[in-house]
Amino acid sequence: MKLLLNHIQNARDSLRANQMRTFLTISGVAIGVASIVTILSLASGASNIITRQVDDTGGNIAVIRPGDTKASSFKDIVNQQAYSANASSLTESDVNLIKTIPSVKHVAPVIASQISLKGERAITTTLVGTNSDFLKISGIKVREGEFSEDGHRLITIGAQLSIDLFGTEESLGKTITIKNQPFRVNGIFERQQNPMNFNGVDIDSSAVINSPELLAINPNAHIQQINVQTDSIANLDRVVIDINKSLLEQHGGEADFRVLVGDEIAAPTGQLFFVIAGVTSAIAAISLFVGGIGIMNIMLVNVAERTREIGIRKALGATHSDIVWQFLIESLIMAIVGGIVGGILGLATAFCISLFLTFDPAVTWEMLAATIGISAGVGILFGLYPAIRAARKNPIESLNQHN
C-alpha cells in the first residue's frame, strides 16, 4: 500500500511538472468521453419517454403488432415500421375479435399512411385511420371541435398541421382536399408535450379520420398495430393470454403477431434509438482513440526525458514491475481525470441540447461507472507499452544518459 501511494505521489509530481502537456492530454480523453456520454444520455432520455407514456395510461394497455414474436435481430428492429406498413398480418377481423374478449374496454386499430393534404397550402404528412377508442387509450384530447368516427368525410388535425395548411390553429370548419375528396375539419387536437409516442405518430403534425375512409383513400394501407385497454391492470395478463389464443386460432396457428405490454411496448423504439446511438457513439469513439494515442505519445516522451531517473531507481533496487507501475499510474491518472471531466462535460452538453428538445437526458449510475471504466481501460491500453519500454531500459545505459 505504501509503495502504491509512493507511485501516486511520484505520478502527481511528474504531471504537475508538465502542466500544459498534462492538460492537453486530459482534454483529448475528455472530449472523446463527453461525446459518448452526450449521445447515450440523450438516447436513454428519448426511449424513456414512451415507457413513461405507457405508465401514465395506468399500465393497463397492450399493443398488438405484426411480425414474428421471436424477431429481435438488427434487421428486424430497423425494418419494423416498413414491415408493419407493407406486410401487416393484422386485419379488421382481428379488431372485432378482440372486442369480444372479456375485460377488454377499448380497442383501436392504427393505420398510418403518408399522403398529400391540401388546404390553403399543400403538405405531405401522416394520415391516421382509427376510431374514437384511439384517443381514449392514448390520452389524446381534442382542443376544439370533436373527433367523429361516424361522420362522413370529417377530419381531425394536429395544431401544427393546422398552421402548416392554413397558417393558423383556428381552422375548424375549413376544407382539406385528399385525392380530390373534400374533408371538413371537425376538430383540432391539443398540442402534445412530446411528439414521440407508442403509436409512432406525431399527432401535432398528423390528421386523423375513421379507418374505413382511410382504406377507401388508400386500399393498400394496412393495420400497423392494434391498441387494447383493459378495464383494470389486474385483468391485463389474462386478457393478453386470451388475445394470443384467439388470434392464433384466427391466423391458422401462425404466430405472425406480437402482443406487447409494459416496457415491451417501448422496447422496439428504444432498441432503434440505441442502435442509432451505438453507431454514432462508435464514430465519437474515434476521438477517444485519438485521446489514447495522445496518452501514449506523452508517456513515451516522459520515458525518454526520464531515462536517467529510471537508471537511478533501478540502481537503488527498483524492479521491472516498480517501473511499470510508476509510468502506468501516470497514464491511468490522466485517463481517469479525463473520463471524469468528460462525463461532467457530456452531461452538461446533453442538458443544454435538451433545452431545444421535448425530453430530458437520462443519467444512470451504470453509465457513469462505464465512463470511468472505459477511461481507465484507455489509460491501461495506451500506457502499458511506454511503461514496459521504460522497465526494459538497461540501468547502466540509463545512468549514462544525459537529458
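Visitor: Is the crossing of H5 and H9 left-handed or right-handed?
Guide: A crossing is left-handed if the near helix is turned anticlockwise from the far one by less than a right angle, and right-handed if clockwise. In this predicted model, H5 and H9 cross in the right-handed sense.

Visitor: Which residues do H5 and H9 span, and at what angle do they pack?
Guide: Helices are DSSP runs of H or I with at least four residues, strands are runs of E with at least two, and both are numbered from the N terminus. Axes are lines fitted to C-alpha atoms, for helices over the stretch in contact, and angles run from 0 to 180 degrees between N-to-C directions. H5 covers residues 92–99 and H9 residues 236–250; they pack at about 140°, with axes 10 Å apart. Angles under 35 degrees count as roughly parallel, over 145 as roughly antiparallel, 65 to 115 as roughly perpendicular and the rest as oblique. H5 and H9 are therefore oblique to each other.

Visitor: Which residues in H5 and H9 meet?
Guide: Contact means heavy atoms within 4.5 Å. From H5, Ser93, Asp94, Leu97 and Ile98 meet Ile243, Ser246, Leu247 and Gln250 of H9.

Visitor: Where does pLDDT stay under 50?
Guide: pLDDT is the predictor's confidence in each residue, from 0 to 100. The protein averages 84, and 87% of the residues score at least 70. Over residues 69–85 pLDDT stays under 50, and the model has 24 contacts there beyond four places in sequence.

Guide: Residues are numbered from 1 along each chain as its sequence is written, and side-chain values use heavy atoms, with hydrogens and water left out. Local features need pLDDT of at least 70, side-chain atom pairs count only at pLDDT 80 or more, and totals for chains, interfaces and linings use all residues.
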